[in-house]
Amino acid sequence: MAGSGNDTEAGWAALTALAEKLQAPVWIEPFGSRAGFDQTHPLYQGQLPADRPRVRQALDSTDVLLVVGTAAIRQYPFTTGPLVPEGTRVFVLTDDAVQANRSPAELAVVGDPAALCNAVTALLHGGQAGRDTATGGKSAAGAAAEQYRLPPPAAGEPLRASHVFELLAARLEEDTILVEESPSSRPALQALVPARRPLGFLSAAMGGLGFAMPASIGLKMALPERPVVAVVGDGSSMYSIQSLWTAAQSGVGVVFLVLANGGYAVMDRLAEQRDSKPAWPSFPEISVSTIATGLGVSARRVEDYSNLIEVFDEVLTNAARRTEPVLLEIAVAPDTTFAP
Ligand SMILES: Cc1ncc(C[n+]2csc(CCOP(=O)(O)OP(=O)(O)O)c2C)c(N)n1
């Protein structure tokens, strides 16, 4: 399991070499802040689920879980029972002593994850290739992407987050930095839009809202040669919306995609899972594109699939070279399920 602490060129290379030598499946950690592994690699399995029963299911028949660059294993929300299947041995390599200390692992080694992976690879003898992956040779990442893929909406049907992500994935340049703050659709985003370079994915681990908009502006200022795309829920966008003014004033070419489902969908789903009615209102009247315009950022609202294709083709072509921010408020239907 690759963690955010492995998200360096050296970390990706070292873990790839180790995984390939073992022909071992590679997951990324639940709710990670960064990718830690090439999400288009054939051994990549997707994001490990965030609750224990599904972790045990995903790791069924796994003899050893090697955790690289994070703690074992972030969970949300809490469920009872063992973290891993009976008999699965857990080892951790991390440069963070706190992560090592809180990991229920047989052994945790503190040091640079890339150097530690390389040391493990050097200890292995050849001849391990040919082992089946955890899914019998079929990638769980491919299956997860399949689960979220949708046919285009029929006439009169609303857009869904998955439509947006599929169109996005087909257009993003390989070195794009994708900044995520779209709580209810994060699982679909992770399944459909793979990180292909270190720093290809960035998020506030565990979801404190208000990070993505200013973080994406700072990233584009620090790394102007890379395209920066922020995918933000309409509710989340309201936590630091004033940062758009800075992007406009300083000429920072971030592409902001605001998924406008008119409410706090993830909170609504969590309330339903506890058999209670949401105590907070929805907000279909909030117009993020109007607010953005008022803050000096060029903004449009998109409601239609073919219009979205046109606008994406225009806005995402040569996104690296943008010197002005742009915001697209994309109307989507709220997701009706949530299982991170
Ligand atoms: C600072 C902060 N306040 C409140 C929350 C609780 N919270 C988590 S998700 C969420 C709603 C996010 O809404 P939106 O961005 O529209 O995404 P959706 O759930 O609709 O996908 C809230 C209020 C939080 N995580 N951080």
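## Helices α8 and α10

In this predicted model, helix α8 (residues 212-222) packs against helix α10 (residues 243-250) at an angle of about 20°, and their axes lie 9 Å apart. Axes are lines fitted to C-alpha atoms, for helices over the stretch in contact, and angles run from 0 to 180 degrees between N-to-C directions. Helices (H or I, at least four residues) and strands (E, at least two) are DSSP runs, numbered from the N terminus. The angle makes α8 roughly parallel to α10, a term for angles under 35 degrees; over 145 is roughly antiparallel, 65 to 115 roughly perpendicular and the rest oblique. The crossing of α8 and α10 is left-handed, meaning that the near helix is turned anticlockwise from the far one by less than a right angle; clockwise would be right-handed.

On the α8 side, Met213, Pro214 and Ile217 meet Ser243, Leu244, Thr246 and Ala247 of α10. Two residues are in contact if their C-beta atoms, placed from the backbone, lie within 7 Å. The contact of α8 with α10 has five nonpolar residues, two polar and no charged ones. Here Ala, Val, Leu, Ile, Met, Phe, Trp, Tyr, Cys and Pro count as nonpolar, Asp, Glu, Lys and Arg as charged, and the others, Gly among them, as polar.

Residues are numbered from 1 along each chain as its sequence is written. As this is a predicted model, local features need pLDDT of at least 70 and side-chain atom pairs count only at pLDDT 80 or more, while totals for chains, interfaces and linings use all residues.

## Helices α1 and α4

Helix α1 (residues 9-22) and helix α4 (residues 113-123) have axes 8 Å apart and pack at an angle of about 25°. That makes α1 roughly parallel to α4. The crossing of these two helices, α1 and α4, is left-handed.

From α1, the contact takes in Ala10, Gly11, Ala14, Leu15, Ala17, Leu18 and Lys21; from α4 come Pro113, Ala114, Cys117, Asn118, Val120 and Thr121. By class, the contact of α1 with α4 has nine nonpolar, three polar and one charged residue.

Strands pair if DSSP finds at least two bridges between them.

Strand β4 (residues 89-94) is joined to β5 by four bridges. In this pair, phenylalanine 91 stands opposite leucine 107 in β5.

## Loops and backbone

The loop between β3 and β4 contains isoleucine 73 and proline 77. The peptide bond from alanine 72 to isoleucine 73 is cis, with omega near -25°. The bond from tyrosine 76 to proline 77 is also cis, with omega near -15°.

Phenylalanine 31 lies in the loop between β1 (26-28) and β2 (44-47). Its phi is near 55°, a positive value in a residue other than glycine. Most residues other than glycine have a negative phi, and most peptide bonds are trans.

## Around the ligand

The ligand is surrounded by 19 residues, and the closest are Ser184, Gly233, Gly235, Ser236 and Ala265. A residue is near a molecule if its C-beta atom, placed from the backbone, lies within 6 Å of it. Two or more residues of the shell come from each of α9 (234-237) and α11 (265-273). The shell divides into seven nonpolar, 11 polar and one charged residue.
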